[in-house]
Amino acid sequence: MTDWFDKGCKSCRNGVLSGQSTPAKVATNVQEHVHLLRCSTCGSWWLETEREAHVIDDAEARSTFPDFFG
Ligand SMILES: [Zn+2]
């Protein structure tokens, strides 16, 4: 597990915490009810579930959202 402050950047962490200016939503996995967000500042992928959001790496983003990555 990485420390919270190692995840993404200050911009997207604050956005996720506040729930107001979250990173842009770029894809949805309907079966798993999760969304893929991408920070325009640092380029981190975020996995948004019904309860929370956390940073995922490139491999996890690709395996969870294969349609988006084609
Ligand atoms: Zn960021």
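How many residues lie between S3 and S4 in the hairpin they form? There are four, and the rest of the fold can be picked up from there.

## Ground rules

This is a predicted model, where local features need pLDDT of at least 70 and side-chain atom pairs count only at pLDDT 80 or more, while totals for chains, interfaces and linings use all residues. Residues are numbered from 1 along each chain as its sequence is written, and side-chain values use heavy atoms, with hydrogens and water left out.

## The sheet

Four strands make an open sheet in the order S1-S2-S3-S4, with antiparallel pairing. S1 and S4 sit at the edges with a single partner strand each, so one side of each has no neighbour in the sheet. From one strand to the next, the twist averages 30°. Strands here are DSSP runs (E, at least two residues), as are helices (H or I, at least four), numbered from the N terminus; two strands pair if DSSP finds at least two bridges between them. For the angles, axes are lines fitted to C-alpha atoms, for helices over the stretch in contact, and run from 0 to 180 degrees between N-to-C directions.

S3 pairs with S2 over four antiparallel bridges, and with S4 (residues 53-56) over four antiparallel bridges too. Glu48 in S3 is the bridge partner of His35 and also stands opposite Ala53 in S4. Trp45, meanwhile, faces Ile56 in S4. Trp45 and Leu47 point one way from S3, Trp46 and Glu48 the other way, and all are buried (under 20% relative accessible area; exposed is over 50%, partly exposed in between, with a 1.4 Å probe and protein chains only).

## The zinc site

The zinc ion has four protein donors, the SG atoms of Cys9, Cys12, Cys39 and Cys42, lying 2.3 Å from it. Donors are N, O and S atoms within 2.8 Å of the metal (3.2 Å for Na, K and Ca); water is not among the atoms, so sites may look incomplete. The angles run from 106 to 112°, which makes the arrangement tetrahedral (for four donors, all angles between 85 and 135 degrees). Ideal tetrahedral angles are 109.5 degrees.

Along the sequence the spacing reads C-x2-C-x26-C-x2-C. Cys12 in helix H1 (residues 10-18) and Cys39 in the loop between S2 (34-38) and S3 (45-48) are 27 residues apart, so this pair links distant parts of the chain. Cys12 counts as buried at 2% relative accessibility, and Cys39 is buried at 4%.

## Positive phi

Most residues other than glycine have a negative phi. His33, in the loop between S1 (24-29) and S2, has a positive one near 55°. Gly43, in the S2–S3 hairpin with six residues between the strands, takes a positive phi near 80°.

Terms used. Four donors count as tetrahedral if all angles lie between 85 and 135 degrees; four count as square planar and six as octahedral if opposite donors are over 155 degrees apart and all others between 65 and 115; anything else is irregular.
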